[in-house]
Protein chains: 2
Amino acid sequence: MTNINSKPALHLIPVQLGTAPTNLWLPSDVQNIAANIKYYIAENAKTARLFLKQINTTHAIRDINIKTIEKNSTKEELVKWLEPYNSGHSIGLVSEAGCPAIADPGANIVEIAHSMGITVMPHTGPSSIILGLMASGLNGQSFAFHGYAPVDTSARERQIKLWENISRKQNQTQIAIETPYRNDAFMDSLIKTLNPATKLSIALGLHTPKQLIQTLTVDQWRKRGKPTPMHKIPCLFLFLAN
Amino acid sequence: MTNINSKPALHLIPVQLGTAPTNLWLPSDVQNIAANIKYYIAENAKTARLFLKQINTTHAIRDINIKTIEKNSTKEELVKWLEPYNSGHSIGLVSEAGCPAIADPGANIVEIAHSMGITVMPHTGPSSIILGLMASGLNGQSFAFHGYAPVDTSARERQIKLWENISRKQNQTQIAIETPYRNDAFMDSLIKTLNPATKLSIALGLHTPKQLIQTLTVDQWRKRGKPTPMHKIPCLFLFLAN
């Protein structure tokens, strides 16, 4: 394995979800691999630098080359950013939080790397989807991650109903995220729309001092009310109909 | 965070996927938390001991209490196994490989822990689903994990077609695993059944010297043939229709 990791590759490096110490969420060998990389492609250069400050980088951070993925980044640009590989350099891909290319941009860079014959090395790190699903007690043998629900309230509630039907038919846990300032609206829609017996789990503020993981039936949520405040705290929502 | 982790909890501890060094896949703080736990619930006591030998356990391994989850384990037994929590002890949950309660048993134990008011602490570690999805270059913003496909060939091929239709309609990556000795049969069915333009990715032998991650269109797989040998090597299969 050491040999594999010392060869140049596109290394997929997970980054922090919250404020917990690096040693809680990133294996030491992955920290070492990331610390030696001089070429990074990032969703957000600021959070990438925040990450690099947490590990003991070999190069001064100002000497590390960080390219930022923009919505209008062209394929030609992405290919160019991967070119240092051809001179024997590894490249690191990091997203704003958690695992790159999952619930985040970056998959197109991985796709281009494959087409260029670049070795792709995924690494272990924090995934809110996996942490939240493990801790929910809901079905982890069949699940779907949908990303964001529609913003419009009635479209959102129709979507929740559709997901609940799939969940019931397939015994499949449904997983979604929301832009943190819309957490309360999404939780309200879930509690209002889902069947009383459906189990609804939240993983709020993972890896922060406010971490809250709670699984209740919708009926219980209706009686107890949702936790406050959810506003602006990253949250994963999971439910399983029966 | 240190405070959270020093309080008794049900700790969800991921274990090895392959033969790679522990420091590549388990954060040092998680190793320390796991090393201090005296009560374990395991899918397989043998692999649990193999894991405990890799970390520097505080207690001699023979003094660590390991309960094995059986298909016929009753709720009463599981409740009893969680009872050391009430005397201030943490309990560790480990599966045979990767993350507990994901693509593996254990979710019912987490569910019972929630109902007993036990703090559930999920930890970061290797997940073949996340590693394979990150590295595939396929859509990581919408995906479904289905577990195992049907064993019967024609039922399996019908199921693959159904999943491909969902993938096309929802731009959703479909993910499945197979019992390693059936990998070749499953790969044959995928290559035969899926549309030529569908992208098919495999993550074979993750965290072993034979690790192979490859994404090609079904048409390309038909021309190049599947990699050999896949037999008895854990493999994750992912595809995305277009």
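The two copies meet through the same surface, because 100% of the interface residues of chain B are also interface residues in chain A; here two residues are in contact if their C-beta atoms, placed from the backbone, lie within 7 Å. This is a predicted model, in which local features need pLDDT of at least 70 and side-chain atom pairs count only at pLDDT 80 or more, while totals for chains, interfaces and linings use all residues. Residues are numbered from 1 along each chain as its sequence is written, and chains are lettered from A and ligands numbered from 1 in the order in which they are written.

How are the two chains placed relative to each other?

The contact draws 47 residues from chain B and 47 residues from chain A. On the side of chain B that touches chain A, at least two residues each come from α2 (22–25), α3 (28–35), α6 (107–115), β5 (120–122), α7 (128–136), β6 (143–148) and β9 (212–217) of chain B, where helices (H or I, at least four residues) and strands (E, at least two) are DSSP runs numbered from the N terminus. By class, that side of chain B has 30 nonpolar, 15 polar and two charged residues; Ala, Val, Leu, Ile, Met, Phe, Trp, Tyr, Cys and Pro count as nonpolar, Asp, Glu, Lys and Arg as charged, and the others, Gly among them, as polar. Strands also link the chains: β6 (residues 143–148) of chain A and β6(B) run antiparallel and are joined by three bridges, two strands being paired if DSSP finds at least two bridges between them. Within this pairing, Ala144(A) has Ala144(B) as its bridge partner.

Along its principal axes, the C-alpha trace of chain A spans about 60 × 35 × 30 Å. Among contacts in chain A between residues at least 6 apart in sequence, 75% join residues at least 24 apart.

Buried residues make up 50% of the 242 residues in chain A, a residue being buried if 20 or more other C-beta atoms lie within 10 Å of its own, exposed if 12 or fewer, and partly exposed in between. In soluble globular proteins, nonpolar side chains tend to be buried together. In this model the largest nonpolar core has 150 residues, and those with the most contacts inside it are Leu10(A), Val120(A), Leu10(B) and Val120(B); such a core is a set of buried Ala, Val, Leu, Ile, Met, Phe, Trp, Tyr and Cys residues joined through C-beta atoms within 7 Å. Leaving aside neighbours within four places in sequence, Leu10(A) is in contact with residues including Leu82(A), Ile91(A), Val120(A) and Met121(A).

The loop between β4 (91–94) and α6 (107–115) of chain A holds Ile102(A), which is buried, with 25 other C-beta atoms within 10 Å. Not counting residues up to four places away in sequence, Ile102(A) touches Ser127(A) and Ile129(A), as well as Ile130(B), Leu133(B), Met134(B) and Gly140(B). Most residues other than glycine have a negative phi. In the loop between β4 and α6 of chain A, however, lies Ala101(A), whose phi is near 75 degrees, and Ala103(A) has a positive phi of about 55 degrees although it is not a glycine.

In chain B, Cys99(B) lies in the loop between β4 (91–94) and α6 and is buried, with 30 other C-beta atoms within 10 Å. Apart from neighbours within four places in sequence, Cys99(B) is in contact with Ile130(A) and Met134(A), and with Pro14(B), Gly125(B) and Ser127(B). Elsewhere in chain B, helix α8 (residues 153–170) contains Trp163(B), a buried residue with 22 other C-beta atoms within 10 Å, which touches His146(B) and Gln174(B) when residues up to four places away in sequence are not counted.
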